[in-house]
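Q: Can you walk me through this structure? Keep it brisk.
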Amino acid sequence: GLVRTGMDLLIEHQIIKWVGSEWICHPDYATFPLAEELARKAAGIPHNLPASLSDFVGREDEIHKLRHILQENRLITLVGPGGMGKTRLGIQVAAESLEDFADGVFFVPLASLSSVDFLVSSIADALRFPLAGSKEPQNQLLAYLRDKELLLVLDSFDHLCEGIPLIYTILERAPQVKTMVTAREHLGITGEANFELGGMPLPASDNENNLEDSSVVRLFLANARRAAPDFTLTDADKPYVAGICRLVEGMPLGIEFAAAWVQTFSCQEIYEKIQGNLAFLASD
């Protein structure tokens, strides 16, 4: 998202421009205060998106499609089984969509909510909107959202199905609010756009020379190097790393768990242990 915004700024200020059949760069490009301009732009849009502890790897096609769907629809449900990376993808799409929402982008974590009774207050907390007075909290929230142009990311909604009417009411009463929900099943609301999230694309071949160009393998390597900073992918490792990705069907969480074992086992041993029993990847 920052790269895209940065390129837009450079084009806007004619630091780079299209001339004839090629892009050319202004001779004084190094003096343009790009970092300051990016910070100024980002500071103007409120958000509460959590900072990630690691880089986001892959899912470029999914991000592109979700951003397009978000432009055309007001409610997206990002659907998929646990471990597919719905939360990380939702946050990444929201981060890259900041400039599309004048009043901000807000992430509402719901996994720890024990009751739908806390849904209104959780949304208000994410928005940094204090609920006060004797007026019904839901009416206060709806009044606040009525003229706002913002995105709500409601994460892990599965156990709060009784709160679906609140989502419908927000969309009905606040015409410029959009909502992205992550869940394991569709909500079943009229106008809902569903996006099914499966595993990451698998390599076409276990022995291809450019195996590291595959996003699923890049994810394995990124996690492996966090566990063992000196890890290198040898030619002998390649078919086993590709095999590991196939065994977990491209599931990001499975790849993360598998890669964590490189400090203890070889890639071949990890592959064989998963092949023998998928429970090898179980983790608290």
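A: One term to start: buried means under 20% relative accessible area, exposed over 50%, and partly exposed in between (1.4 Å probe, protein chains only). This is a predicted model: local features need pLDDT of at least 70, side-chain atom pairs count only at pLDDT 80 or more, and totals for chains, interfaces and linings use all residues. Residues are numbered from 1 along each chain as its sequence is written, and side-chain values use heavy atoms, with hydrogens and water left out.

Q: Is Ile11 buried, partly exposed or exposed?
A: Ile11 is partly exposed, because its relative accessible area is 37%. Ile11 sits in helix α1, residues 2–12. Helices here are DSSP runs (H or I, at least four residues) and strands likewise (E, at least two), numbered from the N terminus.

Q: What is the average pLDDT of the protein?
A: The average is 87, and 95% of the residues score at least 70. pLDDT is the predictor's confidence in each residue, from 0 to 100.

Q: Which elements have the lowest and highest mean pLDDT?
A: Helix α2 (residues 34–43) is lowest at 78, and strand β5 (residues 151–155) is highest at 95.

Q: New topic. Where does Asp237 lie?
A: Asp237 is in the loop between α8 (215–227) and α9 (238–247).

Q: What does Asp237 touch?
A: Leaving out residues up to four places away in sequence, Asp237 touches Phe231, Thr232 and Cys267. Contact means heavy atoms within 4.5 Å.

Q: And overall, how many helices and strands?
A: The protein has 11 helices and seven strands. Buried residues make up 44% of its 284 residues.
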